[in-house]
Amino acid sequence: MKILVCISNVPDTTTKITFTDNNTQFNTSGVQFILNPYDEIALSRAIELTDGDKGTVTVINVGEVNTEATIRKALAIGATDAVRINAKPHDAWYVAYQIAAYIKANPVDLILTGRESIDYNGSKVAGMLGELLDLPSVSIIKKLDAGDNEATVEREIEGGKETLTIPYPFVAGAAEGVAEPKIPNMRGIMSARTKPLTVVEPVEVKTFSEIISYETLAPRGQVKLVDAGDTAKLVELLHTEARVI
Amino acid sequence: MSVLIYAENAGGTFKKSIFEAVSYAKAIADQNNTNLVAISIGDVSAGELASLGKYGAQKVLNVSGDKLKNFVNQAYAAVIAEAAKKEGADIVILSNTFSGRGLAPRLGVKLEAGVADGAVALPEQNGGKFTVKKTAFSGKAFAIVELTSANKVIALVPNSYKVVETGGSAQVEDFSVVTKESDFKATIKEIVRSANKVSLPDAEIVVSAGRGLKGPENWGMIEELASLLGAATACSKPVSDAGWRPHSEHVGQTGIAVSPNLYIAIGISGAIQHLAGISSSKVIVVINKDPEAPFFKVADYGIVGDAFEVVPQLIAAVKEYKASA
């Protein structure tokens, strides 16, 4: 089985988010970038599914040369090879369009993404790939079992879950539960240096969205402390002052 | 020109998050002096469909039939795109639910539309610019996105827009679409809905607990408090990682982002990754025995105390309040 895992390069989860240029640019100064945690789950599952010569795992990233450290991390975790489409990831549509163009020329059996990237949280690339390639897509899956001709996936729904079977090829966005993230070992790290990383130039495409600016969260007022022995007071405040119960 | 809202049903009925999305879509239709059309797919009663009129839908397109009874992402996207074309809708609104998040990107491609997922406020339309405020950096900030295409798709985050009853009535019409066989490759085998459990992503009140609870056997009081308040239960990442609670309850940067009216955090220290997922909660209550816990810095109300003493007392106080109310 040939699996393609789409990965993105995102600020580390502990990053304090700030902006520059009158709140129009994300301040990357001092920010460490990592492999998107959900993509790591997708990649880990792909490696499990192809373990023991049962297939190959290619990781693909749309990014400039600075994302290569993250791509090498994915190779160290166990991807067979990597592709970098040499462009700034303008928005989800741009990224999906580039990856779809690559897949049309290099067909695969299964396409995995993370459920969302932790920077823009769009959950869009999986669905857009599905539409661009006329394939089924499941945006947020919690479980993925691969059979010979079809896979069984579980997806979350509000207050429950749904189990589906889908024939290959299809696109799915992995969430927690699909796999435990793998940690690269020394052998993986050493071999990652020499695994193939192909750089592909992007195709032209018109985009439909533009980030104009950012806003930080409104600060909250001082916490109002209630005595531990007086929970009735808390209930009263929630009822009369906060009006939430 | 018109605005189309996809009214997603959950087992045949509409949830509050859909009424919010209809109200939101109505406000956008009003901004543009145009009509609001709703589309429902699946088995929904005529009365339930007509109820969308209360929130501003003038017309409801009803798509039913066995094949489309349950959500198939690809086929549903095709039906909604078809309805948008037929109604001349240039703005399509969805609720940012699990299914909505699957539909929005497919609709974006089909309609060549810019997509604003995770929208938290009405669009601003000034001087030909159409901008939407959306969540970014997993709840640590917002981004203002301009949609530059003629068609637009917006997915509204539950609990971020108030339900507004306009008191109108909607005309319900059957709507049929010729579907492609290849849009039905995914087959649903099983749907499990926990009837008596409040769903976390769109819950109005969330009771969440962390490692301070010491073990999964101590969640009884969390569930009792949640049930008294009509709340959903949630947990921090270490708790779901340890297998004390399911991943579906993990709230935070790499879990679910929630925006309830009330978030009660018990025995959670408040790591930046957890705070990211709950920062848009309207009111935050923190119960923690460590007065230095970072969670108190973002809380509206706090109790410094041992969860094993405070929570049972709080349960008693809520019972008393409910008895007197």
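Q: How many residues does the contact take from chain A and from chain B?
A: In this predicted model, 66 residues come from chain A and 80 residues from chain B. Two residues count as touching if their C-beta atoms lie within 7 Å. Among the elements that each supply at least two residues of chain A's side are helix 3 (92-105), strand 14 (209-216) and helix 6 (231-241). By class, that side has 32 nonpolar, 19 polar and 15 charged residues.

Q: What makes strand 14 of chain A and strand 10 of chain B a pair?
A: Pairing needs at least two bridges, and seven bridges join strand 14 of chain A to strand 10 (residues 141-147) of chain B. These strands therefore count as paired, and they run antiparallel. As one of the bridge partners, Ser209(A) has Leu147(B).

Q: Why are the buried residues of helix 5 of chain B said to be on the same side?
A: The residues in question are Ile222(B), Leu225(B), Ala226(B) and Leu229(B). They cover an arc of only 100° around the axis, so they share one side of helix 5 of chain B. They pack against strand 14 (205-209), strand 15 (232-235), strand 16 (262-266) and helix 8 (307-324) of chain B. Just after the helix, Gly230(B) takes a positive phi of about 65°.

Q: What domains is chain B divided into, and where do they touch?
A: Chain B has domain 1 (2-184) and domain 2 (205-324). Their contact takes seven residues from domain 1 of chain B and nine residues from domain 2 of chain B. On the domain 1 side, one residue is nonpolar, five are polar and one is charged. The domain centres, taken over C-alpha atoms, are separated by 32 Å.

Methods. Residues numbered from 1 in each chain as written. Chains lettered and ligands numbered in written order. Predicted model: local features only at pLDDT ≥ 70, side-chain atom pairs only at ≥ 80, totals over all residues. Buried ≥ 20, exposed ≤ 12 C-beta atoms within 10 Å, placed from the backbone. Helix = DSSP H or I, 4+ residues; strand = E, 2+ residues; numbered from the N terminus. Arc of directions from axis to C-beta. Nonpolar A, V, L, I, M, F, W, Y, C, P; charged D, E, K, R; others polar. Domains from an automatic or database assignment.
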